[in-house]
Amino acid sequence: IGVSGGVDSMVMAHLFLKAGFTFAIAHCNFGLRGEESENDQEFVQSFSSEHDLAFHTKKFDTEKFASENKLSVQMAARRLRYRWFDQLRQRYNYDVIAMGHNKDDLVETFFINIARGTGLKGITGIKPRNHDIVRPLLFATREEIVKHSADNDIAFREDSSNQTVKYSRNKIRHHIIPEFQRLNPRFLETVRENTERFQDAYTIYLRAVEEKKAELTFEKGKELYIDIHKLHELKEKNTYLFEILKPYEFTKEVIHEIVEHLEAEPGKEFLSSTHRLIRDRDYLIVAPREKEGITRFYIDEWIHRIDKPIPLKFNLIEDVRNYRIPRDPHKVAIDYDKVQFPLMLRKWKHGDYFKPFGFEHYKKLKDFFVDRKYSILDKERAWILASGEKIVWIVGDRLDDRFRVDDNTRQILEITCFIRLAY
């Protein structure tokens, strides 16, 4: 259980003791209040020792993390806390992580989400259980928890920062919620009841989104394909796209821009912190962002196998009398005496042309890709095997006719690609 030393978490710890649960204490020292933070840690550690409980603690450089990740201090502390708690859960095989949020926290979070701007999920409030996180005190108000601590002599430490209005949560706590309570003395309970209804509505909403997502999208490897034509027929494009792209960290501003460019020419690209979305001919393609690496690799005559950037095996066949030309596009036979070493494995470039196997005329590689219905990502990921300036093989697809095996071939270089390329 997460224990800060404040009244909520200390009451929760005592309730867990009284209920007979087996549990450990985890305390985050965010280093934001100097000596006060150190005293909090000592207080929680002393409580753990007194009750023979396993104790975990970690000190964070919260302000540095917030600065590096462009987060508020409060958001940085939240991210650090949950990340570390989950690491502890996995390392020590704990069943759940218990947090001391109460009914007041639920209402404060409701207002914070509205103030920041939120989708429907933001108004569903804090859930009693969310995957591995449980919040057993959501039934109680802060006032009830404080009274319970007084009635049962439960010691706790008061966080001085709770009294300042420097943080958004405290402004809501000390100024906004009291005004609503003057209008409605049951305001906290009313919001809690509403969030339960919102959660039910959100569940129904998500079910509808998932049904529509199944119609609009399909996955291919690590990529998500979204049908542009079907999306364009929907009135609620922004909403559906917002939910579909949520796992890929696209902001609502970028999503709005994507919708505005549904009619744009293929090739338009949009970025999130983790993914890229490309407007192709018929689909929006979402793919992980990849680091740009070396785009040219040289293969000497004596090399029999390479593993990077793609796994290729090279086999020289000197007895060609009974050789059968492979029909698998991922295996190719070329006339060894027609190539010059080192061979080059590279990406395609504008202006490339070759003579496709079985053709009498040359063709621009760009046009060949169009004929073969390569997506923009397919073209980016295509590898070209070249001899000097001449294309030998579009790896996994088509051999150049100039390097084909014929009646005059005396030696064959057989090349096998060990991955199935997407195009």
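This is a predicted model: local features need pLDDT of at least 70, side-chain atom pairs count only at pLDDT 80 or more; totals for chains, interfaces and linings use all residues.
Between which two helices is the loop that holds Lys 373 found? Lys 373 is in the loop between helix H12 (365-371) and helix H13 (376-381). Residues are numbered from 1 along each chain as its sequence is written, and side-chain values use heavy atoms, with hydrogens and water left out.

View A. Most residues other than glycine have a negative phi, and most peptide bonds are trans. Lys 373 is not a glycine, yet its phi is positive, at about 60°. The relative accessibility of Lys 373 is 66%, so the residue counts as exposed; buried means under 20% relative accessible area, exposed over 50%, and partly exposed in between (1.4 Å probe, protein chains only). His 131, also not a glycine, has a positive phi of about 60°. The loop of His 131 runs between strand E4 (129-130) and strand E5 (133-134). With a relative accessible area of 67%, His 131 is exposed.

View B. Lys 308 and Pro 309 are joined by a cis peptide bond with omega near 5°. Pro 309 is placed in the loop between strand E12 (305-306) and strand E13 (312-317). The bond between Phe 341 and Pro 342 is cis as well, with omega about 0°. Pro 342 belongs to the loop between strand E14 (331-335) and strand E15 (343-346).

**View C. The two sides of helix H6.** Helix H6 comprises residues 142-151, and Arg 142, Ile 145 and Ser 149 are buried in it. These residues cover an arc of only 60° around the axis, which puts them on the same side of H6; the arc is that of the directions from the helix axis to the C-beta atoms. An α-helix has 3.6 residues a turn, so residues three or four places apart point the same way. Glu 143, Lys 147, Ala 150 and Asp 151 are exposed on the other side of H6. The cover over the buried residues of H6 includes helix H1 (7-19), helix H5 (103-116) and helix H7 (168-183). Just after H6, Asp 153 has a positive phi of about 55°.

**View D. Aromatic pairs.** The structure holds 22 aromatic pairs. The ring centres of Tyr 353 and Tyr 362 are 5.6 Å apart and the planes stand at 85°, so this pair is edge-to-face. Rings of Phe, Tyr and Trp (its six-membered ring) pair if their centres lie within 6.5 Å; planes under 30 degrees apart count as stacked, over 60 as edge-to-face and the rest as tilted. Tyr 353 is partly exposed, with a relative accessible area of 46%, and Tyr 362 is partly exposed, at 48%. For Phe 369 and Tyr 374, the centres are 4.5 Å apart and the planes are at 25°, so the pair is stacked. Phe 369 is buried, with a relative accessible area of 1%, and Tyr 374 is buried, at 2%. One aromatic cluster is formed by Phe 110, Phe 111, Phe 180, Phe 187 and Phe 198.

**View E. Charges over aromatic rings.** The charged end of Arg 305 sits over the ring of Phe 418, 4.8 Å from its centre. A charge sits over a ring if NZ of Lys or CZ of Arg is within 6 Å of the ring centre and within 35 degrees of the ring normal. Lys 347 is placed over the face of Trp 383, at 4.1 Å from the ring centre.

**View F. The four-stranded sheet.** Four strands form an open sheet in the order E12-E13-E21-E14, with antiparallel pairing. E12 and E14 stand at the edges with a single partner strand each, so one side of each is left without a neighbour in the sheet; two strands pair if DSSP finds at least two bridges between them. E13 and strand E21 (residues 412-417) run antiparallel and are joined by six bridges. The bridge partner of Lys 313 in E21 is Thr 416.

Notes
Contact means heavy atoms within 4.5 Å.
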